[in-house]
Amino acid sequence: MGEKTKMTTDTKLGGQFHLSGTAISVYRMGYGAMQLAGPGVWGPPRDMDAAIAVLRQAVAAGVNHIDTSDFYGPHVTNQIIKQALHPYPNGLVIVTKVGGRRGDDKSWHHALSRQELIDAVHSNLRNLGLDVLDVVNLRVGGMMAPTEGSIEEPLTVLAELKRQGLIRHIGVSNVSRAQLAEAQGITKIVCVQNFYNVANRSDDALIEHLAKQGIAYVPFFPLGGFTPLQSSVLDAAAASLQVTPMQLALAWLLHRSPNILLIPGTSSITHLRENLAAAALALPSDVIAELNAIAESVRAEAHPAH
Ligand SMILES: NC(=O)c1ccc[n+]([C@@H]2O[C@H](COP(=O)([O-])OP(=O)(O)OC[C@H]3O[C@@H](n4cnc5c(N)ncnc54)[C@H](OP(=O)(O)O)[C@@H]3O)[C@@H](O)[C@H]2O)c1
């Protein structure tokens, strides 16, 4: 790492975040397991030993927050997590999500009926080898943005399953602020998982709103997801710090707000190590200013005539 980059020594994996009103504290740098399934998040991975090694390496490095879902694979990702890590070490928090299903053609669909949600919770329990799920996110909306509308019905089902003791805590995913408010009237919400990264900043105000309440904001696609982040501003800033653009994108997110928890996804041990190392990167203020303006630059690059 370059001269401008300072390493902090007292904040392993970005330090811990306590989920307000729970007994859960996790390191801010976690791991998203979606990339462990085969191509297109479908079927077994090309290299099962490598997938298992990535999970074990993450936990060995201190990661205690893994994000998953039973519709990754489907079932495959949870089965790999169980194979690699069960019996789970104390303190490991596996956060899963329900509300989706896959078609035979690998398509993604909502699965928000009462029976689908009950089945999904039981399927997650079975495939992860757990008696109770630490945190379950109810995933609604579109993939890239929330779609307005009541989420009362599906959330009420999850709240019932929580009362039955199958779920400890509930989060929501792909939600608007109005849907969050509705959700908070039904049950305690401990985290929100929406699409957000250095180039996609629609949730800036929501993040502040959640931070005031001690609710975790967990951005999915922190590295751009299926379309990796591409920005000349990010590339140049990363080069000046002698880190990779992906490391810088993660470090920016950690700097963005203390309630942001990261779940970058990777199937590669090399990328995992790079991503975890990003938690120790201290950003100079001029670089933060450049990155804060990046959403505008990305828009300009995508639409040069405007
Ligand atoms: N709630 C929702 O609707 C929703 C939607 C999508 C995802 N998620 C969750 O969010 C997590 C993260 O999202 P994601 O994995 O889709 O997207 P992501 O973390 O933004 O990006 C993953 C992609 O970046 C690559 N990558 C990772 N680290 C890298 C590095 N250091 N250098 C270069 N490339 C790197 C990965 O390829 P390699 O495998 O080659 O490293 C993969 O192609 C998922 O695991 C999932 O748990 C939730």
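Reader: How many bridges join β6 to β9?
Author: This is a predicted model, in which local features need pLDDT of at least 70 and side-chain atom pairs count only at pLDDT 80 or more, while totals for chains, interfaces and linings use all residues. Residues are numbered from 1 along each chain as its sequence is written. Strands (E, at least two residues) and helices (H or I, at least four) are DSSP runs numbered from the N terminus, and two strands pair if DSSP finds at least two bridges between them. In β9, L138 is the bridge partner of V98, and the number of bridges joining β6 to β9, which run parallel, is four.

Reader: On its other pairing, which residue of β10 is the bridge partner of V136?
Author: Strand β9 (residues 133-139) is joined to strand β10 (residues 167-173) by six bridges, and the two run parallel. Within this pairing, the partner that V136 has in β10 is I170.

Reader: Which are the edge strands of the sheet?
Author: Seven strands form an open sheet with parallel pairing, in the order β4-β5-β6-β9-β10-β11-β12. Two of them pair on one side only, and these edge strands are β4 (31-32) and β12 (216-217).

Reader: How many residues of β9 are buried?
Author: A residue counts as buried if 20 or more other C-beta atoms, placed from the backbone, lie within 10 Å of its own, as exposed if 12 or fewer do, and as partly exposed in between. Helix α3 (residues 114-128) lies across β6 (93-98), β9 and β10, running at about 150 degrees to β6, where axes are lines fitted to C-alpha atoms (for helices over the stretch in contact) and angles run from 0 to 180 degrees between N-to-C directions. β9 is mostly covered, and the buried residues among its seven number seven.

Reader: Where is N174, whose phi is positive although it is not a glycine?
Author: Most residues other than glycine have a negative phi, whereas N174 has a positive one of about 65 degrees. With 25 other C-beta atoms within 10 Å, N174 is buried. Its place is the loop between β10 and α5 (177-184).

Reader: Is F221 buried or exposed?
Author: F221, in the loop between β12 and α7 (232-241), has a positive phi of about 55 degrees although it is not a glycine. Because 23 C-beta neighbours lie inside 10 Å, F221 counts as buried.

Reader: Which residues come nearest to the ligand?
Author: A residue is near a molecule if its C-beta atom, placed from the backbone, lies within 6 Å of it. In the shell around the ligand there are 10 nonpolar, 14 polar and four charged residues, where Ala, Val, Leu, Ile, Met, Phe, Trp, Tyr, Cys and Pro count as nonpolar, Asp, Glu, Lys and Arg as charged, and the others, Gly among them, as polar. The largest share, three residues, comes from helix α9 (residues 269-277). Of the 28 residues around the ligand, those that come nearest are G32, M34, L223, G265 and T266.

Definitions and conventions. Two residues are in contact if their C-beta atoms, placed from the backbone, lie within 7 Å.
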